[in-house]
Amino acid sequence: MSGVRAQQKQKTRQALIEAAFNQLSAEHSFSNLSLREVAREAGIAPTSFYRHFKDMNELGLTMVDEAGLTLRQLMRQARRRIASGGSVIITSVETFMEFIDTSSNQFRLLLRERSGTSKAFRAAVAREIKHFILELAHYLETETPCDKHHAYMQSEAMVTLVFNAGAEALDQDAQQRGELTERLIWQLRYIARGANHYGA
């Protein structure tokens with residue numbers, strides 16, 4: 001019975017996270033969300049919220065972790081696609097743009113809270129971006145002529161560029177996003193070429 005209860009609790013917790021993500025938009029940031037609205041969308045009473053999260057801040061930090069994890073998992077899938085013959089940069093950029101398209105509110109949260117007013121949120125986003133940089137750096141060190149130091153610097157430059165492009169892509173139509181994707185691919189190629197030249 002306790003196993004069923006634990007499952008139900010996890011399901012409700014996930015429903016609260018999804019409800020909060022659903023309420024984010026270009027006009028509606030996390031700081032605008034109310035506990036009551038989130039609980040209502042998740043189908044629970046507001047008082048039941050506290051069985052799952054201490055407060056809205058704890059929910060927000062969990063959302064940052066989830067958004068970062070979703071993105072890292074997608075990029076791992078991209079690297080598996082690359083292993084079976086795809087272009088590293090094209091596959092990675094296309095995968096990232098799919099994330100912007102299908103999980104725009106998750107990316108919006110990372111983007112906003114990266115420079116938001118909460119120190120805890122800024123630290124959480126910085127931690128997620130650092131994970132992302134380290135995973136890419138490890139891949140570059142393994143798969144390219146770069147040593148550890150140059151692989152890390154290349155990864156940091158690439159992630160910065162990709163996140164900035166993602167911020168632009170959020171408000172673009174399909175044609176503009178296609179042009180941005182093409183520019184981003186070339187910019188990443190320039191970084192990779194330079195890293196291979198200096199880091200080999």
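Biologist: How far apart are the end C-alpha atoms of residues 34-53, and how much of that span is helix?

Modeller: In this predicted model, those end C-alpha atoms lie 14 Å apart. The span is 40% helix and 0% strand.

Biologist: What makes residues 34-53 a stretch with a name?

Modeller: The name comes from a record: UniProt lists residues 34-53 as "DNA-binding region", in an unreviewed entry. Such annotations may be inferred rather than shown by experiment.

Biologist: Which residues does UniProt give for "domain: HTH tetR-type"?

Modeller: The unreviewed entry places that feature at residues 11-71. In the model, residues 11-71 are 61% helix and 0% strand, with 21 Å between the end C-alpha atoms.

Biologist: Let's turn to helix packing. What do you need to describe two packed helices?

Modeller: You need the angle between their axes and the distance between the axes.

Biologist: Which residues make the contact between helix 5 and helix 6?

Modeller: Helix 5 brings Leu-110, Glu-113 and Arg-114, while helix 6 brings Phe-121, Arg-122, Val-125 and Ile-129.

Biologist: Why are helix 3 and helix 6 called roughly parallel?

Modeller: The axes of helix 3 (residues 56-83) and helix 6 cross at roughly 15° and come within 9 Å. Angles under 35 degrees count as roughly parallel, and helix 3 and helix 6 are therefore given that description. Helix 3 passes helix 6 in a right-handed crossing. The residues of their contact divide into 13 nonpolar, four polar and seven charged.

Biologist: How many aromatic pairs does a search of the whole structure find?

Modeller: The search finds 10. One of them is formed by Phe-107 and Phe-163.

Biologist: What makes Phe-107 and Phe-163 a pair, and why is the pair called tilted?

Modeller: Ring centres must lie within 6.5 Å, and here they are 5.4 Å apart. Stacked means under 30 degrees and edge-to-face means over 60. With 50° between the planes, the pair is therefore tilted.

Biologist: Where in the chain do Phe-107 and Phe-163 sit?

Modeller: Phe-107 is in helix 5 and Phe-163 in helix 7 (residues 148-169). They are 56 residues apart, and the pair links distant parts of the chain.

Notes. Residues are numbered from 1 along each chain as its sequence is written. This is a predicted model: local features need pLDDT of at least 70, side-chain atom pairs count only at pLDDT 80 or more; totals for chains, interfaces and linings use all residues. Side-chain values use heavy atoms; hydrogens and water are left out. Helices (H or I, at least four residues) and strands (E, at least two) are DSSP runs, numbered from the N terminus. Contact means heavy atoms within 4.5 Å. Axes are lines fitted to C-alpha atoms, for helices over the stretch in contact, and angles run from 0 to 180 degrees between N-to-C directions. Angles under 35 degrees count as roughly parallel, over 145 as roughly antiparallel, 65 to 115 as roughly perpendicular and the rest as oblique. A crossing is left-handed if the near helix is turned anticlockwise from the far one by less than a right angle, and right-handed if clockwise. Ala, Val, Leu, Ile, Met, Phe, Trp, Tyr, Cys and Pro count as nonpolar, Asp, Glu, Lys and Arg as charged, and the others, Gly among them, as polar. Rings of Phe, Tyr and Trp (its six-membered ring) pair if their centres lie within 6.5 Å; planes under 30 degrees apart count as stacked, over 60 as edge-to-face and the rest as tilted.
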